[in-house]
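User: I am new to this structure and would like a short tour. May I put some questions to you?
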Amino acid sequence: MRLVALACLLAACGDNADPCGYVDPIVTFRNVWSLQLAADATHVYFSDYDVDGYGTELVIREPRAGGPIQALGNPHPGSTFGRGLALDDAFLYWASIDNQALTSFYASPIAGGMPFLFGNLSSCAPSGVAVDANWAYAGTIGCNDLPSTITVFPIHGGMATTIWTSADSDVRELAAGDGAVFFTTTTGVFSLRGTTLEILDGTPGHHVEVHDATLYYSTDEGIFSVPVGGGDRVRLYTYPAGAMEIGSFGVDGSDLYFAESGRMLLATGTAEPRVVVENLGKGVGPIVARDGWAYWSVLFLPDTLGDLYTFSGGVLRVLRPCD
């Protein structure tokens, strides 16, 4: 009954409710760390920072169709997860910082097994993870006079290299494609191809992702796309004045799902964006869109109150509305 009531709170319900636009709560009333979320064809991946009420922290895989969860990683006791998850065909990439200020970057076998420690980063909190065919990337914010950094790790063996540092801004999210790494920071959006750094947008950036040959990113002003090889920028959406809780979005084909002021909207082509979820909850993390569903995670589900240890977070998804 709790899940049915929650779904009805998020979206319209009724005896004859259309299955299009259906909200499906995947995990509810848990201490989900909302800044980490990923999905592939069969599973959804997220992190829970107090699974059992005794501080046990796990990186988790759960079948999209429903079924038992599987732990893919268990960081050091007292650790805090970073921002971002990345997937390839075999591994889930993630980072955490422990209570001794040791930041570690891992690859967990998707099929199960012990995580592989790629290496340690700076003693600042991790922020941003990406992977391509040959490289895994991990970022850290700046702290204690240390700069924000991006480090690249060869997937097939070799030495890690710090490829970007800044004392003036903090990295937020990373994406990789076409031989380049793209990243958002508190001051802008950038691409780094080899040793060539290019500023793509001088406005503070939020989310970034690559699909085929197109880069998508959000800033304080709106959501944009640009060819990964360079070209004209296209503005996909402009945030209205006073909009809150912006930056999260997900792309599935020609569908653009995005968060704005506590709601999720869907933009398709030139049509006016429409609301698909009325109340996302508080502390919205990434939106991951694929296969006709849009997934999101929150620190606090709708109509829940409390601090971070009240077991009120969750992972949910919504089915694409009917046209």
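User: How many bridges join strand E20 to strand E21?
Analyst: This is a predicted model. In it, five bridges join strand E20, residues 214–219, to strand E21, residues 222–227. The two strands run antiparallel.

User: Which residue is the bridge partner of Tyr217 in E21?
Analyst: The bridge partner of Tyr217 is Phe224.

User: What is the order of the open sheet that holds these strands?
Analyst: The order is E19-E20-E21-E22, an open sheet of four strands with antiparallel pairing. Its edge strands are E19 and strand E22 (234–238), and each of these pairs on one side only. On average, neighbouring strands of this sheet are turned by 15° against each other, with direction ignored.

User: Let us turn to E11. In what order do the strands of its open sheet come?
Analyst: Four strands form that open sheet, in the order E11-E12-E13-E14, and their pairing is antiparallel.

User: Why is one side of E11 left without a neighbour in the sheet?
Analyst: E11 stands at an edge and has a single partner strand, so one of its sides has no neighbour in the sheet. From one strand to the next, the twist averages 15°.

User: And how many bridges join E11 to E12?
Analyst: Four bridges join E11 to strand E12, residues 135–140, and the two run antiparallel. Ala130 stands opposite Tyr137 in E12.

User: New topic: the largest pocket. What is its volume?
Analyst: The volume of the largest pocket is about 840 Å³. It is lined by 33 residues, and the closest to its centre are Leu85, Ala86, Leu87, Glu209 and Val210.

User: How do the residues of the lining divide into nonpolar, polar and charged?
Analyst: The lining of the largest pocket has 21 nonpolar, four polar and eight charged residues.

User: Now Thr184. Is it buried or exposed?
Analyst: Thr184 is buried, because its relative accessible area is 0%, and buried means under 20%. Thr184 is found in strand E16, residues 180–185.

User: What does its side chain reach?
Analyst: The side chain of Thr184 reaches the backbone oxygen of His206 at 2.5 Å.

User: What is phi of Asp178, and where is that residue found?
Analyst: Phi of Asp178 is near 55°, a positive value in a residue other than glycine. Asp178 is found in the loop between E15 and E16.

User: What about phi of Asp303?
Analyst: Asp303 has a positive phi of about 65°, although it is not a glycine. Its place is in the loop between strand E28 (293–300) and strand E29 (313–319). Asp303 is exposed, because its relative accessible area is 68%, and exposed means over 50%.

User: Finally, which residue takes a positive phi in the hairpin of E9 and E10?
Analyst: Gly112 does, with phi near 110°; the hairpin has six residues between the strands. Strand E9, residues 103–109, and strand E10, residues 116–120, run antiparallel and are joined by four bridges. Ala107 has Phe116 as its bridge partner in E10.

How values were computed
Residues numbered from 1 in each chain as written. Predicted model: local features only at pLDDT ≥ 70, side-chain atom pairs only at ≥ 80, totals over all residues. Heavy atoms only, no water. 1 Å grid on protein atoms, 1.4 Å probe; cavity = no way out; pocket = protein on both sides within 12 Å on 5 of 7 lines; lining within 4 Å. Points joined across faces, edges and corners; volume = space filled by probe spheres on them. Nonpolar A, V, L, I, M, F, W, Y, C, P; charged D, E, K, R; others polar. Pairing = 2+ DSSP bridges. Axes fitted to C-alpha atoms, helices over the stretch in contact; angles between N-to-C directions. Buried < 20%, exposed > 50% of the residue type's maximum accessible area, 1.4 Å probe, protein only. Polar contact = N/O pair within 3.5 Å; in protein donor to acceptor, adjacent residues only side chain to side chain.
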